[in-house]
Amino acid sequence: MSRKIQIFNTLTRKKEVFNPIVENHVGMYVCGPTVYGDPHLGHARPGITFDVVFRYLKHSEYKVRYVRNITDAGHLENDADEGEDKIAKKARLEQLEPMEIVQFYTISYHKAMADLNCLPPSIEPRATGHIIEQIEMVQQILKNGFAYEVNGSVYLDVNKYNEKYPYGTLSGRNIEDTLEGTRSLDGQTEKKSAVDFAIWKKASPEHIMRWSSPWGEGFPGWHMECSAMSEKYLGKTFDIHGGGMDLVFPHHEAEIAQSNACNACNPVNYWMHNNMITVDGKKMGKSLGNFINLEEFFNGSHDKLERAYAPMTIRFFILQAHYRSTVDFSNEALQAAEKGFTKLMNAMETLGVISASDTSTYDANALEEKCYTAMDDDFNTPILIAHLFDGVRIINSVKDGKESLNSVDLEKLKNIFNTFVTDILGFISSKESGENNLTNEVMDLVLQLRTNAKKSKDFETADLIREELDKAGIQIKDSREGSSWEVKN
RNA sequence: GGUAUCGUGGCCGAGUGGCUAGGCUAUGCUCUGCAAAAGCAUCUACAGCAGUUCGAAUCUGCUCGAUACCUCCA
């Protein structure tokens with residue numbers, strides 16, 4: 001491959017040229033959802049971000065194994081529930097089996113991701129399906145002397161670990177700072193040091209999700225699943241690990257420590273983190289009460305939403321910002337994105353009907369080059385989209401007869417749009433899914449009648465048709481070649 | 001308190017030591033029977049202060065402000 005992809009590596013805080021471990025192959029692990037609640041905007045960001053990374057790497061002729069976990073064992077909760085498993089807690093409240101809840105929300109998550117046109121990962125392992133692997137890993141860490149058992153729980157001995165491996169390299173912390181900022185938590189009396197973290201936890205009597213282990217009945221520690229499953233499917237060291245920025249510490253820092261403690265090698269070469277989504281300038285969070293789930297977005301039922309927004313509008317909106325920037329959701333911004341997206345997709349359609357000339361006033365090759373350059377630079381989708389809008393202007397100008405493209409450039413432009421808009425950015429026209437042939441045929445007839453009316457200067461009828469369709473939410477667009485229509489938002 | 005990130009035009013949002021980001025909005029023009037769409041044009045910003053430099057919005061320092069992580073979270 002002649003092009004070089006640069007990735008911003010959280011580990012070094014620099015952009016680095018991407019070189020995979022195995023030539024032409026990429027192993028990528030992304031932290032997936034904890035399936036104990038409805039999928040929300042926060043899930044959309046990494047879903048879409050790494051979907052584009054996945055698509056672009058594949059387009060760049062890498063064979064990619066994309067692993068994204070489903071966390072169904074639940075993480076610990078450190079509130080009044082005394083460390084009760086999240087999923088177990090919800091199950092008890094709703095009188096359901098834990099796996100029933102897990103199943104329900106896993107399906108919701110899959111549906112939301114499909115709506116957003118995110119490709120399914122290559123492997124989607126579940127934490128509960130890999131308890132044995134996690135126990136084995138804990139055993140190995142114990143054997144290597146980096147962990148200790150207390151009363152049925154096993155903790156990673158961070159101070160001991162830090163003697164051999166630097167702890168805190170990913171998040172830029174050291175043990176002293178971490179200790180200083182650590183609050184007193186439940187179960188801390190068992191730990192040798194406040195910075196130690198559980199890799200296996202003893203199950204309390206009310207804990208429903210529990211497994212037998214060499215240390216008694218319990219469940220895996222907060223961070224074990226990712227270490228165990230990434231190693232199983234991608235190896236002891238793999239290329240890319242992704243996730244939200246909020247996972248840098250402690251989750252990913254712990255993963256690095258576990259892998260080093262177990263395998264004596266760094267698990268990941270390139271760490272990628274997407275930034276947070278904000279609503280009204282604040283992080284969306286359960287505790288803040290400002291979180292909007294995806295279903296509410298798609299049907300507009302949340303109080304903060306003026307109306308519904310299509311999944312593709314959200315996808316476009318998210319990709320119009322760089323993945324390492326925060327993106328603030330507001331009705332105004334979403335509606336602007338929606339219009340921009342419609343403009344882009346309309347140009348895609350126009351591209352299919354314009355015809356070639358003998359000469360070109362535009363260099364399509366230069367556009368292609370710019371698009372690749374943008375994506376090679378740490379997956380810069382906003383720049384890519386800006387370049388594509390340059391193409392949009394050309395397409396519309398060609399239609400107006402103000403610019404021209406020869407057949408070579410026209411084909412190239414079609415190729416660019418299919419590649420970048422459809423394949424890489426993953427945008428699909430809402431028309432494709434929303435309407436059927438019957439509608440199209442009826443509309444063709446209506447437009448034909450209106451055109452006839454216009455020809456015979458019966459503007460009263462022509463305007464009546466236009467106005468009535470407008471009331472029904474259909475917009476008529478006249479041009480030299482004839483009329484077309486689209487459903488208004 | 002510790003660790004990071006960020007402050008860009010009416011709004012959203014890129015970028016960067018010197019040359020137009022882009023989208024949305026607004027105004028004008030062109031096209032059109034009219035309108036819409038589309039094209040063109042205009043509105044030309046980089047929190048504040050000081051420094052480095054021939055030149056900084058871009059580098060350095062300070063000030064102010066915002067956000068995030070340090071606790072489950074994407």
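Let me begin with a term: a residue counts as buried when its relative accessible area is under 20%, as exposed when that value is over 50%, and as partly exposed in between, with a 1.4 Å probe and protein chains only. Helices (H or I, at least four residues) and strands (E, at least two) are DSSP runs, numbered from the N terminus.

The structure is a predicted model, in which local features need pLDDT of at least 70 and side-chain atom pairs count only at pLDDT 80 or more, while totals for chains, interfaces and linings use all residues. Side-chain values use heavy atoms, with hydrogens and water left out; residues are numbered from 1 along each chain as its sequence is written, and chains are lettered from A and ligands numbered from 1 in the order in which they are written.

I turn to helix H7, residues 224-234. Of its 11 residues, 9 are buried, among them Met224, Cys226, Met229 and Leu234. Just after H7, Gly235 adopts a positive phi of about 105°.

Next, the sheets. Two strands pair if DSSP finds at least two bridges between them. An open sheet of 4 strands runs in the order E4-E3-E9-E10, with parallel pairing. Strand E4 (63-68) and strand E10 (268-274) are at the edges with a single partner strand each, so one side of each has no neighbour in the sheet. From one strand to the next, the twist averages 20°. Axes here are lines fitted to C-alpha atoms, for helices over the stretch in contact, and angles run from 0 to 180 degrees between N-to-C directions. Contact means heavy atoms within 4.5 Å. H7 packs on this sheet, touching strand E3 (25-30), E4 and E9, and its direction makes about 160° with that of E3. Strand E9 (residues 238-244) pairs with E10 over 6 bridges in the parallel sense, and Val268 in E10 is the bridge partner of Phe238.

Which residues does Gln258 contact, leaving aside its neighbours within four places in sequence? They are Met137, Ile141, Leu156, Phe197, Ile199, His223, Met224 and Ser227. Gln258 belongs to helix H8 (residues 248-263), and its relative accessibility of 0% is why it counts as buried.

I now come to the salt bridges, each defined as a side-chain nitrogen of Lys or Arg within 4 Å of a carboxyl oxygen of Asp or Glu. The whole structure contains 20 of them. Asp51 and Arg315 form one, with the closest N and O atoms 2.8 Å apart. Asp51 lies in helix H1 (residues 41-59) and Arg315 in helix H10, so the pair ties together parts 264 residues apart in sequence. Both residues are buried, and a network of salt bridges links Asp51, Arg55 and Arg315.

Another salt bridge joins Glu468 to Lys471, at 3.2 Å between the closest N and O atoms. Both lie in helix H17 (residues 459-471), 3 residues apart, about one turn of the helix. Glu468 is partly exposed at 40% relative accessible area, whereas Lys471 is exposed at 66%.

Finally, the domains, whose bounds come from an automatic or database domain assignment. Chain A is divided into domain 1 (6-274), domain 2 (278-430) and domain 3 (435-487). The centres of domain 2 and domain 3, taken over C-alpha atoms, are 27 Å apart. How many salt bridges are counted between domain 2 and domain 3? The count is 0. In terms of contact, 4 residues of domain 2 meet 5 residues of domain 3.
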